[in-house]
Amino acid sequence: MTYRADTARYDTMQYRRSGKSGLKLPVISLGLWQNFGGTRDYPSAMEILGYAFDQGVTHFDLANNYGPPAGSSEELFGQVMARDFRPYRDELIISTKAGYTMWPGPYGDLGSRKYLLASLDQSLTRMGLDYVDIFYSHRYDPETPLEETMGALAHAVRSGKALYVGISSYPEKETREAHRILKEMGVATTIHQPSYSMINRWIENDHTIDACGELGVGMIAFSPLAQGVLSGKYNSKTDAEGTRGGNPNGTLRASHIEPRVLEAVDQVAEIARSRGQSMVQLALSWVLRRPEMTSALIGVRNLEQLKDNLGVLNNLDLTPEEIAKIDEATKNGQMELHPRPSGWLR
Ligand SMILES: NC(=O)c1ccc[n+]([C@@H]2O[C@H](COP(=O)([O-])OP(=O)(O)OC[C@H]3O[C@@H](n4cnc5c(N)ncnc54)[C@H](OP(=O)(O)O)[C@@H]3O)[C@@H](O)[C@H]2O)c1
């Protein structure tokens, strides 16, 4: 059956401007990193993606390497475009990135012009698109001149293959540099995509968030639920099987989550209960409390999780007392998440 978008799709979602640009994004965006790869069947993918768009989630985030296997998320999204989303192309913000290992040899990784522009062409082919809305440098490459990496982004805009460009996981100093270089080339840095959650505050600690606010660069937080840790699922005695943390080769190992993190999560659960909100909803409203933050970029395994997360729209406001309680609860519960901010490569 052909998908028809709900006519009420713009009734409840809220949209925020990305920095000082003309681009607005939904406060909740959906990423296809781990849950839309080769093993996901089309109907169940479309159930989630269609529901998201029906609720006003206009932004879908991809990257060349999403899957597994790498490339399969873009291929699946390409099928979605071809079969169901094509009539809505002008209502969608589709992003992709290049920066992590994609193909063997010296031209399939990091930040060279050669890699970025070849990868963008491959992504467009996989998704069956003429252009993406946002093209990102996925991580800072300390060995390539930033002028070259930013030049490749500027070229993507000039060639019409990307409408906007962004940077992901760039630390403060490199964010300022990237912004300066792009500005000289007449191209805006529309958005920065870092990891950010109440238990992963590196953008506050290294002042990247302040830099983006000052420069007028929007921000979209990835892993706002710390890959599921902020759902509380790793806090009970329940088996991690079937969750991201239960995958022995995955990006989150349940067995590596330290007790101090789980104690913090316990306390956050209590604060969520007192607000009549699920913990994931509290975690999302916390990320969105900052005016610099345009959108929270979630990942979901199923429709139930998506519905739970979208419930954040019922209560986005946090009092200063609640924020202080969360600070206290999480101050000893910070954790490092994959992928690490790329400034740490230095
Ligand atoms: N730029 C970058 O370098 C980068 C890196 C990572 C991610 N991203 C982007 O950010 C997106 C989101 O990242 P993420 O997937 O790590 O985000 P996340 O929202 O922090 O974690 C998603 C996981 O949390 C769990 N979850 C979500 N909602 C839940 C709920 N209501 N109840 C219980 N568990 C729930 C699910 O875990 P289970 O699977 O265990 O059920 C889900 O797979 C990605 O898809 C990608 O687009 C970008």
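**A close look at the ligand site**

Reply: Start with N35. An N or O atom in the N35 side chain lies 3.1 Å from an oxygen atom of the ligand. Keep in mind that this model is predicted.

At G31, a backbone N or O atom is 3.3 Å from a ligand oxygen. At G228, a polar backbone atom lies 3.4 Å from an oxygen atom of the ligand. How much of the ligand does the protein bury? Taken alone, the ligand exposes 910 Å², and the protein buries 96% of that. The space that the ligand takes is the largest pocket.

Now look at the shell. There are 31 residues around the ligand. Those that come nearest are D61, S168, S223, R244 and R301. By type, the shell divides into 12 nonpolar, 13 polar and 6 charged residues.

Which elements supply the shell? Strand β10 (293-298) gives at least two residues, and so does helix α10 (303-310). The largest share comes from α10, with 3 residues.

Next, leave the ligand and turn to charged pairs. Side chains of opposite charge can pair when their charged atoms come close. A search of the whole structure finds 20 salt bridges. One of them joins the side chains of R89 and D133, at 2.9 Å from N to O. This pair links distant parts of the chain, 44 residues apart. R89 is in the loop between α2 (72-85) and β5 (93-98). D133 is in strand β6, residues 132-137.

The peptide bond from P68 to P69 is cis, with omega near -5°. Find P69 in the loop between β4 (59-61) and α2. Another cis peptide bond joins H338 and P339, where omega is about -10°. P339 belongs to the segment after α11 (320-330). Look for L110 in the loop between β5 and α3 (113-127).

To trace the site again, begin at the N35 side chain. Move to the backbone of G31, then to the backbone of G228. End at α10, which brings 3 residues to the shell.

Notes
Residues are numbered from 1 along each chain as its sequence is written. This is a predicted model: local features need pLDDT of at least 70, side-chain atom pairs count only at pLDDT 80 or more; totals for chains, interfaces and linings use all residues. Side-chain values use heavy atoms; hydrogens and water are left out. A residue is near a molecule or strand if one of its heavy atoms lies within 4 Å of it. A polar contact is a pair of N or O atoms within 3.5 Å; within protein, one must be able to donate a hydrogen and the other to accept it, and residues adjacent in sequence count only if both atoms are side-chain atoms. Accessible areas come from the Shrake-Rupley method with a 1.4 Å probe; for residues, only the protein chains shown count as cover. On a 1 Å grid over the protein atoms alone, a cavity is a set of points where a 1.4 Å probe fits but cannot get out, and a pocket is an open set with protein on both sides within 12 Å along at least five of seven lines; lining residues have an atom within 4 Å of a point. A molecule sits in a cavity or pocket if more than half of its atoms lie within 2 Å of its grid points. Helices (H or I, at least four residues) and strands (E, at least two) are DSSP runs, numbered from the N terminus. Ala, Val, Leu, Ile, Met, Phe, Trp, Tyr, Cys and Pro count as nonpolar, Asp, Glu, Lys and Arg as charged, and the others, Gly among them, as polar. A salt bridge is a side-chain nitrogen of Lys or Arg within 4 Å of a carboxyl oxygen of Asp or Glu.
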